[in-house]
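Dear colleague,

I am handing over the structure below, together with an account of what was found in it. Please read the notes alongside the coordinates.

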Amino acid sequence: MQRFSSRSLRLINLSLSSKPNGPTNLFHLSLYSQIHRPANPNDDSYKNNNRFLNDRTNEFGPVNVATNEQAKRTESHNPDEFAAEVERIYRILRKFHSRGPKLELALQESGVVLRSGLAERVLNRCGDAGNLGYRFFVWASKQPGHRHSYEVYKAMVKILGKMKQFGTVWALMEEMRKENPQFITPELFVVLMRRFASARMVKKAIEVLDEMPNYGCEPDEYVFGCLLDALCKNGSVKEAASLFEDMRVRFSPSLKHFTSLLYGWCREGKLMEAKHILVQMREAGFEPDIVVYNNLLSGYAVAGKMADAFDLLKEMRRKGCEPNENSYTILIQALCGKEKMDEAMRVFVEMERSGCQADIVTYTSLISGFCKWGKIDKGYEILDSMIQRGHMPNQMTYLHVMLAHEKREELEECLELMEEMRKIGCVPDLSIYNVVIRLTCKLGEVKEGVRVWNEMEASGFSPGLDTFVVMIHGLLGQGCWVEACDYFKEMAGRGLLSAPQYGTLKELLNSLLRAEKLEMAKDVWSCILSTGCDLNVYAWTIWIHALFSNRHVKEACSYCLDMMDADVMPQPDTFAKLMRGLKKLYNRQLAVEITDKVRKMAADRQITFKMYKRRGERDLKEKIKEKKDGRKRRARRRQWGGGLGRAKIL
């Protein structure tokens, strides 16, 4: 531990002495808190390429990275005139979010005066907890004399889009068209396109483009470019390429359009398609620039063709397009990902000899590589060198070091590193807190995990979905059922429960039922229903199967009836499973009731009940067979694995 304390002092001295003639140290830290590049940050093609670099950093590090929105919250962390009121409102929202009348009364009696800028700050404070933000937005809308600003509407579109409440988004847009038509701007539609694209709802994203004229906004090349960019960024490059061909007459192709498509194909490692875009670009009269070449370099790196990447670097020089910091960093990241750290350092040296100054992304890539492959001391050497040269590390830099300590289960070192970050002005973000909370739970230090969680919220961070999932899984691993349920209910209450998190729901319910905590499991399910979460057939199936698997057959049947009352039809194998269970219990009355309801629902959906029943029995047999085969395979693995182990020892 003494080594880290002395390191803290040395790093502070390094940071203070790195630029003695420049601005104050805190100002330097704010400048370097974001990824710093000498290129023009307002250039769209530059943003596209820089985003690819961020993606590569994510891939080659062992990573759970903060989003841009989280970074913005970190930058604006300084207290201001709204801080006390925002915190007071946030606490009220957290306490009463599931009780509408009490929430409105508490907000009314809070004494908070709605001023310009306050609503936007509250929405930012709610973070990923979209339910909280939406409830405040609705309450504020009802206050006499208050009118939401454009920024508040824009923030609300982002929040609802992230929650995938797209019907509510369109209702909000309709309300704006009637009451505040001046707020309808192309930027709002771009936000909506990006949300649809991130949800892989390609048709809906394209429909936004077609809906714009109905709201008095004519889409132009810029908006179309944003749509292409959003599709390519979210893995729908094939659809983006098809849309580009269809819209060439309506929107004149620009360099940004070609660059987005090139980026998309390179990101997927499909170099033939990328080269075809390059040919089209030249035919349209555009010559590849440094951004295009860097995207191609990234494509070669993704495909593992490092020899071709180095050849492209030489070609760039021959054609008078000198490689920049991004170019070299792409190669360094690729080599770090393949554990070729010596080669990565040689590229780093060549980069400096060529006159390109390494920046925070380059240093972070090297630190990530060394830490990922267990050379944490070398990572610290690069960190020291980085600070000596005037580059202040950001949260991403420290995250990779933190992950290396987590791998070694070094909790005290992680806590020391957080203190070190604060001393040089780098505020730990949600990703850092996630690592520490996960490690505390893994080591059984649950009280310490709760303390870190409370510290995180006191620092102004709203825990996101990842943070809740980390905490819930950690608590379940330690058998802390009550605490795990509390955090899960809090997550559901904030509107963060959706289909991707059903795995967490399944683990929680099964863990509770295995521990014979039936009433606690029922309470969790009731909470989910009361918060208005949009539960599909898979969520109901998880709950019913969990009850059935833990021998609560009657309860499973009862909830199956509730599911059908909610107009959700059980899956065929669920029906077959319940019928088998009821047959063993000789409960004919309940079996008839469920069968009658299923028969009626099948008729309403024009499904033959006989086929439905037959399919359920077939699916159930296949699942039982797969389960048995899986057990046999695992048993054989254990048998042969044990034999190999003994052979090696001998």
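**Findings**

C560 is buried, at a relative accessible area of 1%, where buried means under 20%, exposed over 50% and partly exposed in between, computed with a 1.4 Å probe on protein chains only. The closest cysteine sulfur to that of C560 belongs to C557 and is 6.9 Å away, which is too far for a bond. A search of the whole structure returns zero disulfides, a disulfide being a pair of cysteine sulfur atoms within 2.5 Å. Another cysteine, C232, is buried as well, with a relative accessible area of 2%.

Before going further, please keep in mind that this is a predicted model, in which local features need pLDDT of at least 70 and side-chain atom pairs count only at pLDDT 80 or more, while totals for chains, interfaces and linings use all residues. Residues are numbered from 1 along each chain as its sequence is written, and side-chain values use heavy atoms, with hydrogens and water left out.

**Overall make-up**

The protein has 35 helices and zero strands; helices (H or I, at least four residues) and strands (E, at least two) are DSSP runs, numbered from the N terminus. Of its 650 residues, 51% are buried. Among contacts with a separation of 6 or more, 67% are between residues 24 or more positions apart, with contact meaning heavy atoms within 4.5 Å.

In the span 185–219, the end C-alpha atoms lie 10 Å apart and the content is 66% helix and 0% strand; in the span 394–428, the end C-alpha atoms lie 9 Å apart and the content is 74% helix and 0% strand.

Leaving out residues up to four places away in sequence, L209 touches M193, P219, V223, F224, L227, M247 and F251.

Helix α28 (residues 481–493) has 13 residues and reaches 18 Å from its first C-alpha to its last, close to the expected 18 Å, the expected span being 1.5 Å times one less than the number of residues. Its buried residues are A484, C485, Y487, F488, E490, M491, A492 and G493, and these pack against α5 (83–96), α8 (130–141), α26 (446–458), α27 (465–477), α29 (502–514) and α30 (518–530). After α28 comes G495, with a positive phi near 80 degrees.

**Individual positions in loops and helices**

P253 sits in the loop between α14 (237–246) and α15 (255–267) and is partly exposed, with a relative accessible area of 23%. Leaving aside neighbours within four places in sequence, P253 is in contact with F244, R248, F258 and F286; F286 is 33 residues away along the chain, with 10.0 Å between the two C-alpha atoms.

V291 belongs to helix α17 (residues 290–303) and counts as buried at 8% relative accessibility. The C-alpha atoms of V291 and Y263 are separated by 9.5 Å, with the two residues 28 apart along the chain.

Two residues other than glycine have a positive phi: E339, near 65 degrees, and D567, at about 65 degrees.

Finally, Q143 is found in the loop between α8 and α9 (150–162), counts as buried at 13% relative accessibility, and touches Q108 and L114 when residues up to four places away in sequence are not counted.
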